[in-house]
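Please keep the sequence and the model in view while reading.

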Amino acid sequence: MNSTSSLHAAGAPVALSSLSEKVAEAKRRLPLPLLMERRGLRDHAKPSAFCPFHENTRTKAFSTFQDERGLWRWKCHSQCGGGDEITLLEKLDGLPRSGATRQFLEAAGVETRFEPGPRSLAALATPRPTPPPRPLPVFPEMERGGSDDLARLAELRAVSASALLLAVSVGLLRFATLRGHRAWIITDGERVNAQARRLDGQPWEHIEAKAWTLAGSHASHPIGRPLAKTYPNVMLVEGGPDLLAALHFIICAGQLCAWCPVAMLGASQRIPTSAFPIFERKRVRIFPHTDPPGRDAARFWALQLAQAAAARIDAFSFAGLRRANGEPVQDLNDCTTIHAADAAQLKDMLP
Ligand SMILES: [Zn+2]
């Protein structure tokens with residue numbers, strides 16, 4: 001991008017006096033479609049696309065468009081909201097408006113003192129000052145679940161009962177009845193982020209999606225943060241089903257003392273800098289979903305982990321693996337139903 005020239009006449013910086021002028025300049029330099037492309041959301045930067053903020057592969061609820069003034073906007077026609085480039089960063093990174101504005105100005109190279117702004121994906125991941133604390137969410141009452149709940153979930157996700165019992169005992173898994181449906185909820189001891197799925201495997205009617213991030217959640221909070229502090233090795237996974245599968249494989253491998261799972265609840269989520277310390281000097285293995293957003297997320301998380309001073313970062317590949325039904329493995333949870341002929345390829349999952 002060489003649009004910095006618009007700010008410099010014969011090498012002399014032109015002062016933009018007000019914040020609104022700076023934002024306007026930033027929007028000219030880094031319009032929403034370009035910002036989305038940088039953040040791995042290119043496939044969503046269309047008039048009609050699947051929403052990156054909620055899981056739904058049936059309805060294209062997301063739209064990126066220009067309003068009557070020519071300004072770029074995004075909107076989810078389900079429940080995720082809408083807005084401009086800054087609102088998108090608020091939603092993606094769990095930032096307050098002020099923090100998202102600052103991040104956007106920096107990403108677009110519009111700075112108070114006109115220092116060269118970040119240009120690359122790596123620069124976009126540069127640690128920012130910690131934003132002021134957000135209010136804690138108030139979640140519905142959650143239960144540890146009965147044997148019926150555990151049996152249904154073990155069958156639904158094809159994970160061992162021992163993995164589920166472990167998940168309950170360390171506070172990563174809870175159950176509740178929400179909107180008339182029995183649900184399993186992924187959360188952790190900090191109780192700032194929670195995502196509910198129906199135990200019957202069906203989508204929630206009110207969002208037309210399977211994964212419901214409960215209101216008030218800090219959606220970018222890595223699930224398992226309080227646990228991960230004390231483990232030398234971290235499995236970094238995407239979503240609740242893969243979190244359960246991670247525990248399944250940690251138990252299978254007899255690695256309960258060595259490996260701990262951490263889940264980002266969505267490929268569009270970025271690791272908040274406040275969570276960087278849990279990865280410091282750790283070995284982190286990422287288990288990317290095989291779809292393009294999953295691969296983009298893994299690349300971005302790897303950059304962030306490097307900034308968090310993780311000791312060793314790599315990713316596990318599902319390439320070539322098949323499920324028992326012959327379909328390709330697309331995520332870690334699919335590996336719990338791996339084809340017998342491919343099972344041996346999982347033996348090095350946790351070195
Ligand atoms: Zn949405």
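Where is the place of A309? A309 sits in the loop that joins α10 (292–307) to β13 (312–315).

## Basis of the report

The structure is a predicted model, in which local features need pLDDT of at least 70 and side-chain atom pairs count only at pLDDT 80 or more, while totals for chains, interfaces and linings use all residues. Residues are numbered from 1 along each chain as its sequence is written, and side-chain values use heavy atoms, with hydrogens and water left out.

## Overall architecture

The chain contains 10 helices and 13 strands. These elements are DSSP runs numbered from the N terminus, a helix being H or I with at least four residues and a strand being E with at least two.

Of the 351 residues, 52% count as buried. Here buried means under 20% relative accessible area, exposed means over 50%, and partly exposed lies in between, with a 1.4 Å probe and protein chains only. Among contacts in the chain with a separation of 6 or more, 62% come from residues 24 or more positions apart; a contact means heavy atoms within 4.5 Å.

## The zinc site

Which residues are the protein donors of the zinc ion? They are C51 (SG), H54 (ND1), C76 (SG) and C80 (SG), at 2.1 to 2.3 Å from the ion. Donors are N, O and S atoms within 2.8 Å of the metal (3.2 Å for Na, K and Ca); water is not among the atoms, so sites may look incomplete. Along the sequence the donor residues follow the spacing C-x2-H-x21-C-x3-C. Angles among the 4 donor atoms run from 102 to 119°, and the site is tetrahedral, a label given to four donors if all angles lie between 85 and 135 degrees.

F50 lies in the loop between α2 (32–38) and β3 (62–66) and is partly exposed, with a relative accessible area of 31%. The C-alpha atoms of F50 and A61 are 5.8 Å apart, although 11 residues separate the two along the chain. Leaving aside neighbours within four places in sequence, F50 contacts H44, N56, T57, R58, T59, K60 and F62.

S220 belongs to the loop between β9 (212–213) and α8 (225–228). Is S220 buried or exposed? With 5% relative accessibility, S220 counts as buried. Beyond its neighbours within four places in sequence, S220 is in contact with L92, D93, G94, N193, M264, Q269, R270 and P272.

L172 is placed in the loop between α7 (161–169) and β6 (173–178) and is buried, at 1% relative accessible area. Its contacts outside four places in sequence include I185, I186, I223, L227, L243 and L247. M349, in the segment after β13, is buried at 2% relative accessible area. Not counting residues up to four places away, M349 touches M235, F249, R285, F287, F316 and L332; for F316, 33 residues away along the chain, the C-alpha separation is 7.1 Å.

## Positive phi angles

A309 has phi near 65°, a positive value in a residue other than glycine, and counts as partly exposed at 39% relative accessibility. A158 has phi near 55°, also positive. The loop between α6 (147–157) and α7 holds A158, which is partly exposed at 26% relative accessible area.

Rolling a probe the size of a water molecule over the atoms shows where empty space is left. How many cavities of 30 Å³ or more are counted? The count is 1, and the largest cavity holds about 30 Å³ of space. A cavity is a set of points, on a 1 Å grid over the protein atoms alone, where a 1.4 Å probe fits but cannot get out; lining residues have an atom within 4 Å of a point. Points are joined across faces, edges and corners, and the volume is the space filled by probe spheres set on them.

The lining of the largest cavity consists of R39, G40, L41, A267, S268, R270, P293, D296 and A297. These residues divide into 4 nonpolar, 2 polar and 3 charged, where Ala, Val, Leu, Ile, Met, Phe, Trp, Tyr, Cys and Pro count as nonpolar, Asp, Glu, Lys and Arg as charged, and the others, Gly among them, as polar. R270 lines this cavity and is also one of the contacts of S220.

Terms used. Four donors count as tetrahedral if all angles lie between 85 and 135 degrees; four count as square planar and six as octahedral if opposite donors are over 155 degrees apart and all others between 65 and 115; anything else is irregular. On a 1 Å grid over the protein atoms alone, a cavity is a set of points where a 1.4 Å probe fits but cannot get out, and a pocket is an open set with protein on both sides within 12 Å along at least five of seven lines; lining residues have an atom within 4 Å of a point.
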